Amino acid sequence: MLKTRKKVSDEYRATSAPRLVEVPTTKYLSITGRGAPGGPAFTDAMNALYAVAYTIKMARKKVGTQFKIAKLEGLWWGDHPGAVVPDSPEEWNWQLLIRVPEAVTNGEVAAAAKLLRERGKSAMVDSVVIAELEEGQCVQAMHIGPYANEKETIKRMQAYAADKGMKFSGRHHEIYIGDPRRAAPERLRTILRMPVAQN
C-alpha cells in the first residue's frame, strides 16, 4: 500500500518552539483561488480537492495501491511582496493542497474529474491539478489556538530566522492538524512553515 507520509514524519513534526527543517520537492493535488476562508469560493475549492483525492484513492484501492488521504495544507499570500499575508481576508490568495504519492499521475486526476462531473459534481473539479512544491530550508512551528492569533507564532518564527541570519523568502504555509469542525478554537493545532534564505 502506498502511503503519503512514508519517511516524511520529520516534516510534519513541530513544537511551539520554531526550528529549521529541510523539505524536499513534494507532490500535491492542488487548487488555487482568492478570498476569505469559509467563503463560497474557498468551500467549493476545498470540496473539489477532497472529491478528486478520494476518487483517486478509491480507483487505486481496486488495484491494491490505495493511499491514506493526507492532512489538508494551504499556502497563503497577498498581492504585495513583504507582508506574510494581508490584513484583509478578502485579499488573501490561497493554494489548497493534499499531499499524494509520487506515483499519482495527471491522467488519474483527469479521470477522477471526468467521473465526478458525470456524477453531477461541480465543474470546480476541473481546476484540481498536480503541483510540485519546492520549499527547501524552512522555519517551522506549531501554532495552538485560533487561526486569527497566528501572528504571534509568525513573529517568533521570524525572530528565530533573524537569529540564524535568515529571512522569510516564500509563501506562508499551513498544515492543518486540527479539525475546526470538531475542536474548540483554542485547541486547534496548525503547523506553520515559512521558507527562508540567508540575509
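Which residues are exposed on the other side of α3? Let's walk around this helix and find out.

First, some ground rules. This is a predicted model, where local features need pLDDT of at least 70 and side-chain atom pairs count only at pLDDT 80 or more, while totals for chains, interfaces and linings use all residues. Residues are numbered from 1 along each chain as its sequence is written, and side-chain values use heavy atoms, leaving out hydrogens and water.

The pLDDT, the predictor's confidence in each residue from 0 to 100, has a mean of 91 over the protein, and 94% of the residues reach 70 or more. Over residues 1-6, though, pLDDT is below 50. Where pLDDT is low, the predicted coordinates should not be read in detail.

Now to α3, residues 150-163; helices here are DSSP runs (H or I, at least four residues) and strands are too (E, at least two), numbered from the N terminus. Its buried residues (under 20% relative accessible area, with exposed over 50% and partly exposed in between, using a 1.4 Å probe and protein chains only) are Glu150, Thr153, Ile154, Met157 and Ala161. They cover an arc of only 100 degrees around the axis, taking directions from the helix axis to the C-beta atoms, so they lie on the same side of α3.

Take Thr153: it counts as buried because its relative accessibility is 4%. Leaving aside residues up to four places away in sequence, Thr153 touches Ala141, Met142, His143 and Leu192, where contact means heavy atoms within 4.5 Å.

And the other side of α3? There, Lys151, Lys155 and Asp163 are exposed. Lys151 counts as exposed because its relative accessibility is 51%.
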